[in-house]
Amino acid sequence: MGTLIFLIFVFFILIPKLQQKKAQQEKMRRDYDAARRAEAAVRAAQNAAQSAAAAQRAAEQNAAAARRAQNADAYPPPTRQPKYQQGAGAQGESLWTRMKNLKGEQDAQTLSLKKTLGVILGAVGGGLSCLFGLGTLLSVTEFIESLSYGYFFADELTISIVSALVTAGGLFLVRTGAGVYRRAKNFEWYRAIIGERRECPITDIARATGRGPQKVLRDLQELVRNGYFPLGFADVETGCFYADNDAYRERNPEKAKWEDSAVRSRPVPRPQPAAQPTPQPEPAPAQAGALSDAQLREYKRRMEQIQDPALHEKAARLYEHAEDIFAWVQLHPECTDDVRRFCSYYLPTANKLLATYNEIAPHKNDSQVAANIESEVSRVLDTMTTAFRGLMDNLLQNTAVDMQAEISALETVLAQEGLTQNGLTLQ
């Protein structure tokens, strides 16, 4: 009966799932190959244009050479090659020079060298760990056996310790070699997928490699930490890999602007004379209050420009929740960290939505696109109202938890001092 169930599981569940997974992988591979072919066609067109330009430059150089040949006296030939001739020294690059250049944008030969180095380290470490691990096991066995007979041999203990240390060193070499090989392989793979793009969604890389997005994100972060992409970085919030900061700013101008303004808004400490006492830093609630006043005033100004009654009511409801949140933070400065992202992103985004709506509102009766934007803004305002209400509930919940802890501590102290006897309890 068990065999029959196993066969049913294999033929009707396991094998179809494997076939489905294989078909998905083949489809992803075909899509990736098609994209690569399209990129290859674009590169071929660019190369053809460059070849045509190079041929034109060569024709111009030949014409200039012919003119110089006619005037040999005016243009004497050089007696030696210039030191800056292209390629001078590139052919004589030593192996040690390439071994030192193990970080940064690496060519195929350097990557091949690194993978070979990883395999060598892994093989040497594996051999050492296996050989000395066996020696450690034998020496420890002999040492325990001598102890069981009442003898203590210091040389056997020393051999065991040295063998164990060499075994640990071999395992470290195996781990290091595996890491070097894995990073070089991943860099070669991911660089081929990213190509010349300045920004690439992590989901596209995951789809091309067949790995999960989180796995691809960890691999890219590891490659960035080890210097394989000197200027690149993987952004978690946008889910993209950027070639440099310029690509990030072009793709996310508003977000970069807010990040820059947040950095510039930090007060810069001024040097004080030695005779004067050091001034106390301003409390965080004052900074949070100033920011909240500016954002709320901006939001209220944009809200008052809305002519649609239903949308104006939704924006006013959102304003009430935001005002309650900032009023609570001013009374409870310890909650400032809980609303930091609310101040730096959520409320500015709401201001941007209202500004966009006010720009397209005059065209909503004549344009379907403007009408769609209005419906989207209305829907997002509902979502943000729910989120603001949830944030306020969280702040109140934290206060309730603190109050419950104080009440419990008070009841415990009263009970220990015998003040809650005879039915006099604190409810």
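Reader: With which residue does Arg-207 form a salt bridge?

Author: This is a predicted model, in which local features need pLDDT of at least 70, side-chain atom pairs count only at pLDDT 80 or more, and totals for chains, interfaces and linings use all residues. Residues are numbered from 1 along each chain as its sequence is written, and side-chain values use heavy atoms, leaving out hydrogens and water. A salt bridge is a side-chain nitrogen of Lys or Arg within 4 Å of a carboxyl oxygen of Asp or Glu. The closest N and O atoms of the pair are 2.9 Å apart, and the partner of Arg-207 is Asp-204.

Reader: How many residues apart are Arg-207 and Asp-204 in helix H5?

Author: Helices (H or I, at least four residues) and strands (E, at least two) are DSSP runs, numbered from the N terminus. Helix H5 covers residues 202-209, and the two partners are separated by about one helical turn because their spacing is 3 residues.

Reader: Is Arg-207 buried, partly exposed or exposed?

Author: Buried means under 20% relative accessible area, exposed over 50%, and partly exposed in between (1.4 Å probe, protein chains only). Asp-204 has a relative accessible area of 27% and is partly exposed. Arg-207 has a relative accessible area of 41%, so this residue is partly exposed.

Reader: Which residue meets Arg-183 in a salt bridge?

Author: The N to O distance of this pair is 3.3 Å, and the partner of Arg-183 is Glu-222. The pair links distant parts of the chain, 39 residues apart, with Arg-183 in helix H4 and the other residue in helix H6 (residues 213-225). Both residues are buried, and the partner asked for is Glu-222.

Reader: How many residues apart in sequence are the parts tied together by Asp-244 and Arg-198?

Author: The side chains of Asp-244 and Arg-198 meet in a salt bridge of 3.0 Å, N to O. Asp-244 lies in the loop between strand E3 (240-242) and helix H7 (245-251), and Arg-198 in the loop between H4 and strand E1 (199-201), so the separation of the parts they tie together is 46 residues.

Reader: At which residue does helix H11 bend?

Author: Helix H11 (residues 340-360) has 21 residues and reaches 31 Å from its first C-alpha to its last, close to the 30 Å expected, that is, 1.5 Å times one less than its number of residues. The bend, taken as the angle between axes fitted to the seven residues ending at a position and the seven starting there, is about 25°. Pro-348 follows within four residues of the bend, which lies at Tyr-346.

Reader: Where does His-321 lie, and which residues are in contact with His-321 beyond its neighbours within four places in sequence?

Author: His-321 is found in helix H10 (residues 309-331). At 17% relative accessibility, this histidine counts as buried. Contact means heavy atoms within 4.5 Å, and beyond the sequence neighbours of His-321 the residues in contact are Thr-385, Phe-388 and Arg-389.

Reader: Is Phe-152 buried or exposed?

Author: Phe-152 has its place in the loop between helix H3 (108-148) and H4. The relative accessible area of Phe-152 is 54%, so this residue is exposed.

Reader: How many helices and strands does the chain have?

Author: Of the 427 residues of the chain, 25% count as buried. The secondary structure comes to 12 helices and 3 strands.
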